[in-house]
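Subject: Structure handover

Hello,

The structure is pasted below, and the notes after it say what was found. Please keep it with your working files.

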Amino acid sequence: MTVEQVMTFDNIETVKRAVEIDSGVAIVPQETISQEVANETLKAVELENGAYSRPLGVIYKKSKVLSPAIKQFIALLKEPA
């Protein structure tokens with residue numbers, strides 16, 4: 001299968017609104033569409049089991065001194081799954 005990516009959004013709400021106006025389909029975390037599915041404005045289709053991942057990032061103010069707890073949290077996030 002070949003997928004043609006025609007739009008990119010940086011906000012999940014924008015993705016959902018685009019799908020609602022019939023601008024395509026999207027793969028999103030199920031938790032983010034529970035209200036729309038309950039209201040029947042969107043339909044969820046579960047994907048078969050597989051290895052799915054989503055890139056994440058951590059941002060913080062450059063000049064901020066990080067607490068040991070925050071440093072440990074960031075280290076935990078960087079560990080391979």
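Among contacts (heavy atoms within 4.5 Å) in the chain between residues at least 6 apart in sequence, 6% join residues at least 24 apart. This is a predicted model, in which local features need pLDDT of at least 70 and side-chain atom pairs count only at pLDDT 80 or more, while totals for chains, interfaces and linings use all residues. Residues are numbered from 1 along each chain as its sequence is written, and side-chain values use heavy atoms, with hydrogens and water left out.

The chain has three helices and zero strands, taken as DSSP runs (helices H or I, at least four residues; strands E, at least two) numbered from the N terminus. Its radius of gyration is 17 Å, well over the 12 Å that the globule rule gives for 81 residues, so the chain is more spread out than a compact globule. That radius is taken over C-alpha atoms, and the rule is 2.2 Å times the number of residues to the power 0.38. The C-alpha trace spans about 45 × 30 × 25 Å along its principal axes. Of the 81 residues, 10% count as buried (under 20% relative accessible area, 1.4 Å probe, protein chains only).

Leaving aside neighbours within four places in sequence, glutamate 36 is in contact with Glu13, Lys16, Arg17, Glu20, Thr41 and Leu42.

Regards

Definitions and conventions: Buried means under 20% relative accessible area, exposed over 50%, partly exposed in between (1.4 Å probe, protein chains only).
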